[in-house]
Amino acid sequence: MFSWIKEYSMFSWNKKDSSSSANTQAEELKTFDRDKTIGYFKRCLEFLPKQYEGNDTHRMTLAFYSLAGLDLLGVLETEYTQERINNWIDWIYAQQILPDENNPELNERICGFRGSPFSGLPYNPSGCRESRLPFDASNLAMTYTALASLLILGDDLSRVDKPSIVNAMRYLQKEDGSFTQTYQGMESDMRFVYCACAISYILDDFSGINVDKVVQYIKESQSYDYGIGQGPGEESHGGSTYCAIASLYLLNKLDEGLLSKDKTIFWLISRQESGFQGRANKPPDTCYSFWIGASLMILDSFEFIDYEKNYNFLMKTSTSLGGFSKCPGCYPDVMHTYMGVAGLSLMEESKKLDSTLNISLKAKENLLSKSVFKRG
Amino acid sequence: MSFESYDWSDIVPIEQDDGPEPLAQIAYDPEYSKAMGYFRAVAQKNEHSERALTLTEKIIEHNPAHYTIWHYRQQILLSLGKDLYEELDFIQKQVEQNPKNYQLWHHRQVIVENLKDCSLELSFTEEVLNDDSKNYHAWTYRTFNLWDNELSFVEKLIEKDIRNNSAWNQRYFAIFYNPTKPSEEFLKTEVEYGISKIKLAPNNISPWNYVKGVIAKSSMEITVLEELCKTYSQSDPISPHALGCLVDIYEDHVKRGLTDKKELGIKLQDISLNAFTDLL
């Protein structure tokens, strides 16, 4: 049934086939240009144009997308020296806010990782213990992408200060069960519920989360169409549906948390147009090939999608620069490039992606066997 | 006054220290780097001043997603006792340029909470939804306060675009998240409303989901849709949503013991055979 999957593998289609002239009458389909995409990620990892200024506080996520993309394409170790990788690991640890040496209570609410050194402390790869800047703070999405990036880079997480991260998380959960991203009082929604669950899973410690409240929040965020919104009463959305389903999986509460697994699967499948849309009656967008695809993968229903249509849509959003854009004809960016590659990866016969943590199986294996938080 | 026109001679800017091998470095605009240099210095002193306020404005111009800057700005605005209605104007201009910026919407919420006046919010979100009737932030924002007349507002948007799922969702929200419980009679008219919209565009998934959602919350049975489903599962072109709804109806029959599983199997086979031949 899925014999053609192998044909569409992103690893076998990297070289252009010059002998396909027999098909000249058919519409010419682009194929995945692996080398160009590798080049795109490598450029993003080193230097991003001014247009990314708006992501300054979220640089860790940009690093994560590039690293995770290169990792999925299997070239991280071949493209870079161990020394380089070690320097990057140091840069990530330099963004860690550690408990104050003399008075840990002083900064307990802001421990974890920030997205970049924007707050102005001197570079210190052993992390910073003097952070009492009034405007310095960790961020749940940055802590999650920092931990994921460290696993991708082969680090054993030995410099991660687990107790302070788990403790700081307690201050970020709201009464309704949702999470905010920083203690500076920001919006709270399903995105940060997922970050909290992924962090707790990686650290193998869920004591920073009130799990019952999280499950309740997810239940209440399920809409009348059985997709899931960012919060109760909000419109079902592919991104928040992924965050909710992956969170439930990581909490081992999938059966308890979904009101009707079948109907949620039906909602997910119904999002396929050519590629996938994030909401009903919206145009397809590259990133939902991952958000919806990975949700279906977690619910063991990925085989119900039309692989070929999905593949062809993704090829239409891949650009001559090697990056993927949100929609055909749009400008590429690093997030959609990673999501495009991850979306393609889900369709591969030999699985390489862990859909729940959004890292490669190799990085997941690193967590389970090498990290200091490995499970019994 | 712009941030450059203030006297900063007492401040030594602090440069960002990225270490020897940074990840995902950004080619900052020199103006942004300069402003951030001053921010790092004044933020360490937690300075609340007019010049710091213009500084936040400059940084926001470059990076409207800078949540730390918004946080700092809120503190300055409140401690200087600034006119928060002016801030609403400022936000309005920002939202016009960045309608999907999370931080801006949150900032608006904080300011409105401090003003204790949300009388401008209805027209504000309405304006945003006029430009993009599916803006998730604007709809989320509207759910914070259940507005009077929300149904008529939603109805206007559905008239404009019958496929606007966000408007359908808000319709459901306005009815079922309202402190006043809707009557059965009202829910019946809602189902009729939905059905009338299905008839206009049988392949539009939004009213199908809406009608099923309303029925599930009422004492009505999903069987009330059986005739409608049969019509549109035999029409040309057939509506896949009618077929899907038929499956729901037959499953419900099994659940309530009105039909057995074997019969369900035959019915489902019928549906898929019909669908298949029609699609050929």
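## A word to know first

Two helices count as roughly antiparallel when the angle between their N-to-C directions is over 145 degrees. Keep that cut-off in mind as you look at this predicted model.

## A pair of helices in chain A

Let's start with helix α6 (residues 162-170) and helix α7 (residues 190-203), both in chain A. Two packed helices are described by the angle between their axes and the distance between the axes. Here the angle is about 155° and the axes are 11 Å apart. The angle is over the cut-off of 145 degrees, so α6(A) and α7(A) are roughly antiparallel to each other.

How does α6(A) pass α7(A), in a left-handed or a right-handed crossing? The crossing is left-handed. On the α6(A) side, the contact is made by A:K162, A:I165, A:V166 and A:M169, while α7(A) brings A:A196, A:I199 and A:L203. Sorted by class, the residues of this contact are six nonpolar and one charged, with no polar ones.

## Where chain A meets chain B

Now turn to the two chains: 50 residues of chain A are in contact with 49 residues of chain B. On chain A, at least two residues of the touching side come from each of α1 (34-46), β1 (47-48), α2 (59-72) and α4 (82-94). The largest share, six residues, belongs to α4(A). This side of chain A has 21 nonpolar, 16 polar and 13 charged residues.

## Strands that link the chains

β1(A) and strand β1 (residues 25-26) of chain B run parallel and are joined by two bridges. Within this pair, A:L48 stands opposite B:I26 of β1(B).

Technical notes. Residues are numbered from 1 along each chain as its sequence is written. Chains are lettered from A and ligands numbered from 1 in the order in which they are written. This is a predicted model: local features need pLDDT of at least 70, side-chain atom pairs count only at pLDDT 80 or more; totals for chains, interfaces and linings use all residues. Two residues are in contact if their C-beta atoms, placed from the backbone, lie within 7 Å. Helices (H or I, at least four residues) and strands (E, at least two) are DSSP runs, numbered from the N terminus. Ala, Val, Leu, Ile, Met, Phe, Trp, Tyr, Cys and Pro count as nonpolar, Asp, Glu, Lys and Arg as charged, and the others, Gly among them, as polar. Two strands pair if DSSP finds at least two bridges between them. Axes are lines fitted to C-alpha atoms, for helices over the stretch in contact, and angles run from 0 to 180 degrees between N-to-C directions. Angles under 35 degrees count as roughly parallel, over 145 as roughly antiparallel, 65 to 115 as roughly perpendicular and the rest as oblique. A crossing is left-handed if the near helix is turned anticlockwise from the far one by less than a right angle, and right-handed if clockwise.
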